[in-house]
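Okay, thanks for making time, everyone. Let me put it up on the screen.

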Amino acid sequence: MASLLTNCFIKIMTILTVLRFPDERLRTVAKPVTDFGPALQTQIDNMLETMYEAQGIGLAATQVNVHRQVIVIDLSEKKDAPLVLINPSFEVLDDEAFDYQEGCLSVPTFYDDVERPKQCKVKYLDYHGAEMTIDCDGLLATCIQHEMDHLNGIVFLDHLSRLKRDRVLKKIQKDAKAELVG
Ligand code: ZN
């Protein structure tokens, strides 16, 4: 009886396709969310499910080809503390730099150090459309900036030298060819 009751509340989730660099659609600039209806919540639930499935710590709507300003993040060890940021904006609180070896679900298997401001204040709307402000630093600040870049059509490789970016691109193209042949 108890399990039947629990089942009634299980949401049907869908794993979304994550666009891979250098897909041009990753260059689209996302528009602000204006409709906070149930379709948005389904979209967010699916993004969370997709992020957890891929064992990522963050995902921007741009990466699943939805060009609205929505980000999901979960930095918790148990993956039970999702953070949903809608229409985020940020302000740098301290110019001190923070170096982190970043990765991205749109650029799998590639990691490199990116330097970003260490502390920032982020304003956003939450899952229910309520206005929120958080001061963040370290990994959370890096993660939010990485995902906000996606909403502006920027991937973390854009922060690296041209030489490094070209090297990644060549490797991706080579792997794609090998996949076709194989
Ligand atoms: Zn990314």
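So, helix α4 (residues 162–181) gives the largest share of the lining of the second largest pocket, 8 residues. Before I go on, the housekeeping: this is a predicted model, where local features need pLDDT of at least 70, side-chain atom pairs count only at pLDDT 80 or more, and totals for chains, interfaces and linings use all residues. Residues are numbered from 1 along each chain as its sequence is written, and side-chain values use heavy atoms, with hydrogens and water left out.

A pocket here is an open set of points on a 1 Å grid over the protein atoms alone, where a 1.4 Å probe fits, with protein on both sides within 12 Å along at least five of seven lines; lining residues have an atom within 4 Å of a point. Volume is the space filled by probe spheres set on the points, and those points are joined across faces, edges and corners. Helices (H or I, at least four residues) and strands (E, at least two) are DSSP runs, numbered from the N terminus.

Back to that second largest pocket. Its space comes to about 370 Å³, and 16 residues line it, with Pro108, Thr109, Lys171, Ile172 and Asp175 the closest to its centre. What classes do the residues of this lining divide into? We get 7 nonpolar, 2 polar and 7 charged, where nonpolar is Ala, Val, Leu, Ile, Met, Phe, Trp, Tyr, Cys and Pro, charged is Asp, Glu, Lys and Arg, and polar is the others, Gly among them.

Now the largest pocket, with about 470 Å³ of space. There are 23 lining residues here, and Gly56, Ile57, Gly103, Cys104 and Leu105 sit closest to the centre. Two elements give two or more residues to this lining, β3 (83–102) and α3 (138–151), and α3 has the largest share with 6. By class, the count is 10 nonpolar, 10 polar and 3 charged.

Staying with helix α3, have a look at Cys143, which is found there. Cys143 counts as buried because its relative accessibility is 5%; buried means under 20% relative accessible area, exposed over 50% and partly exposed in between, with a 1.4 Å probe and protein chains only. Leaving aside neighbours within four places in sequence, Cys143 is in contact (heavy atoms within 4.5 Å) with Ile57, Gly58, Ile73 and Leu75.

Ile73 takes us to the strands. In β2 (residues 70–73), Val70 and Val72 point one way, Ile71 and Ile73 the other way, and all are buried. Strands pair if DSSP finds at least two bridges between them. On one hand, β2 pairs antiparallel with β1 (residues 58–60) over 3 bridges, Leu59 having Val72 as bridge partner. On the other, β2 and β3 pair antiparallel over 4 bridges, and Val70 stands opposite Ile86.

Then there's the β4 (residues 112–125) and β5 (residues 131–137) pair, antiparallel with 7 bridges. Lys123 is the bridge partner of Thr133 in β5. The hairpin has 5 residues between the strands, and Gly129 takes a positive phi near 90° there.

Last one: Asp45, in helix α2 (residues 38–53). Why does Asp45 count as buried? Because its relative accessibility is 13%. Its side chain makes a polar contact with the side chain of Tyr127 at 3.0 Å, meaning a pair of N or O atoms within 3.5 Å; within protein, one must be able to donate a hydrogen and the other to accept it, and residues adjacent in sequence count only if both atoms are side-chain atoms.
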